[in-house]
Amino acid sequence: MPQDMNRFNYYLNPIARLGRSNYSVGFPAAITLLAVLISEAIAYLIFKNPESVGLFAIFVFVGLIIYFSFRDGIKGGLVTAILTILYYFYIVFSRHHSGDRLVRDLETIGIFLALYVTLAVIIGWLRQKIDGLIEREGNERRRLQTIVQQLPVGVVVTDKEGKIEMANKQADIILGAKIPKGHKVGREPLVKANYKNKPISNSHSLILQVLTTGKAIVDREYVIDKENKRKIHLLASATPIFNREGKVIAAASILNDITQQKELEERKDDFVNMASHELKTPITSMKLYVESLSSRLGDKSGERTKKTLDSIKYQIIRLQNLVSDLLDVSRLQTGKLSFNKEEFRLDSLVAETAQELQGSAKQTILCSTSSHLRVSADKFRIYQVLTNIMTNAIKYSPAQSQIKIKVVKEDGRAIVSVQDSGIGITKEQQKKIFDRLYQVTDDTEKTFPGFGMGLYISKEIIKRHKGNIWVESEKGKGSIFYFSLPLFNK
Ligand code: ADP
């Protein structure tokens with residue numbers, strides 16, 4: 001007898017036995033024989049008339065056939081039906097029926113035989129089908145549970161009310177608490193955690209949001225503060241589960257412990273920050289020494305020495321730019337990049353920057369701007385964005401081609417565009433070029449030096465000025481980089 005069932009349910013309640021296909025033949029046979037004995041005892045001992053069994057025999061045994069075919073499938077139903085028919089034969093012969101009566105009785109038994117067998121087969125078959133379905137669903141569930149338990153990420157599955165139906169070991173480990181089955185998500189948070197530096201509440205429950213909106217949520221970052229222990233960084237996603245009609249019937253949430261990754265990133269950022277700070281001073285001194293050396297030598301230096309000193313200066317400036325980009329990236333990562341806003345004319349800054357870069361460019365830079373486009377922004381940082389986009393246009397387009405720069409006014413914004421007819425960027429790469437340290441790697445482009453920091457820094461600067469930055473480009477045909485800034489109006 002299975003542990004989850006009591007004696008009554010196991011032996012007598014066919015509903016409780018649904019999904020278990022351990023059909024018995026002995027039990028129906030024994031109970032049918034017992035019913036035969038009782039029927040005979042009632043006829044002979046109580047009514048003292050062997051012919052009194054008639055109706056009793058029909059109803060009780062039909063009931064038994066229905067019951068056992070539902071309890072024990074076709075086998076159970078048939079064994080009850082056959083024993084019942086044998087009993088009917090016994091009644092007919094033991095009561096010495098003869099002549100017409102015997103023929104009528106045998107005909108009736110034949111009809112009952114057909115009826116009982118049909119009943120047993122239909123009900124038994126239905127029972128077996130239901131068991132098959134339940135078993136299949138159970139197997140599916142067990143298979144899913146085993147897979148979910150093995151996953152390296154935490155998984156929590158709830159029903160449509162948000163009650164937890166399934167949670168794997170990894171979820172317990174990540175949250176540092178046993179997730180109770182049946183707990184209603186959002187009623188009270190399972191753990192203390194922060195989202196965007198504020199304690200989480202019901203409204204932050206991904207599962208509840210997903211259940212009400214029916215839309216998946218991807219990669220939300222939470223920080224769990226384990227009392228007296230280290231912080232845990234959690235990346236969580238949740239998705240609704242729909243039935244065939246498209247109604248939300250459940251939700252699943254995936255929890256990923258990214259603490260190690262975060263700590264490593266923090267250590268890396270600290271290192272980059274420290275290293276670039278340490279590099280800044282000697283590079284500045286080197287630049288000063290070279291400058292003082294070249295001014296001391298003055299016109300006395302030969303052509304070769306002058307060339308060498310210029311190359312050293314150029315390389316030092318490159319190094320300086322690189323270190324300052326590195327510092328900016330690490331400041332952005334740690335949220336320490338600050339802006340000194342002032343009011344200035346963007347059109348003038350664009351024109352000046354374009355003129356300045358024309359000096360070192362082999363391309364022709366054409367610049368057309370609307371006038372008096374005032375913005376309130378960090379001038380140095382916007383200049384940094386402009387030089388980055390313009391030097392990219394110079395770097396990634398052929399000499400003697402044209403670079404067109406425009407500043408226009410549109411819906412209360414100033415839009416700057418820098419168009420080149422260079423190597424262009426594929427649609428796939430366009431999605432990534434504004435990411436940190438992303439560089440297009442392709443055989444034709446290996447000759448261009450860079451670290452993929454410029455556009456990332458530019459994007460962050462523009463974003464923090466409430467502007468937008470984007471690109472339109474076709475591989476091989478050229479690119480147009482745009483950025484917008486809100487206009488300053490008093
Ligand atoms: P990098 O220092 O490599 O230039 P950026 O962040 O400025 O870094 O640019 C990222 C990548 O975007 C570059 O490596 C380059 O592949 C691509 N890119 C940027 N500007 C252009 C352009 N005008 N034409 C073609 N590709 C460009």
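Is Glu221 buried, exposed or partly exposed, and at what relative accessibility? Glu221 counts as partly exposed, at 33% relative accessibility; buried means under 20% relative accessible area, exposed over 50%, and partly exposed in between (1.4 Å probe, protein chains only). This is a predicted model, in which local features need pLDDT of at least 70 and side-chain atom pairs count only at pLDDT 80 or more, while totals for chains, interfaces and linings use all residues. Residues are numbered from 1 along each chain as its sequence is written, and side-chain values use heavy atoms, with hydrogens and water left out.

**Ligand site**

- The ligand is surrounded by 21 residues, each with a heavy atom within 4 Å of it; the closest are Asn392, Tyr396, Asp420, Gln439 and Leu455.
- Polar contacts are pairs of N or O atoms within 3.5 Å.
- A polar side-chain atom of Asp420 is 2.9 Å from a ligand nitrogen, and an N or O atom in the side chain of Lys395 is 3.1 Å from a ligand oxygen.
- Gly454 places a backbone N or O atom 3.4 Å from an oxygen atom of the ligand.
- Of the 530 Å² that the ligand exposes when taken alone, the protein buries 96% (Shrake-Rupley method, 1.4 Å probe).
- Helix H10 (379-395), helix H12 (454-463) and strand S14 (478-486) each supply at least two shell residues; helices (H or I, at least four residues) and strands (E, at least two) are DSSP runs numbered from the N terminus.
- H10 gives the largest share of the shell, 4 residues.

**Salt bridges**

- The structure holds 19 salt bridges, each defined as a side-chain nitrogen of Lys or Arg within 4 Å of a carboxyl oxygen of Asp or Glu.
- Arg17 and Asp72 form one of them (3.8 Å, N to O).
- Arg17 lies in the loop between H1 and H2 and Asp72 in helix H3, so the pair ties together parts that are 55 residues apart in sequence.
- Both Arg17 and Asp72 are buried.
- Glu221 pairs with Lys262 in a salt bridge (3.1 Å, N to O).
- This pair links distant parts of the chain, with Lys262 in helix H7 (residues 259-297) and Glu221 in strand S5 (residues 217-225), 41 residues apart.
- Lys262 counts as partly exposed, at 21% relative accessibility.

**Loop between H1 and H2**

- Asn13 is found in the loop between helix H1 (7-12) and helix H2 (26-46).
- Asn13 is 58 residues from Arg71 in sequence and 7.9 Å from Arg71 in space, C-alpha to C-alpha.

Methods. Polar contact = N/O pair within 3.5 Å; in protein donor to acceptor, adjacent residues only side chain to side chain.
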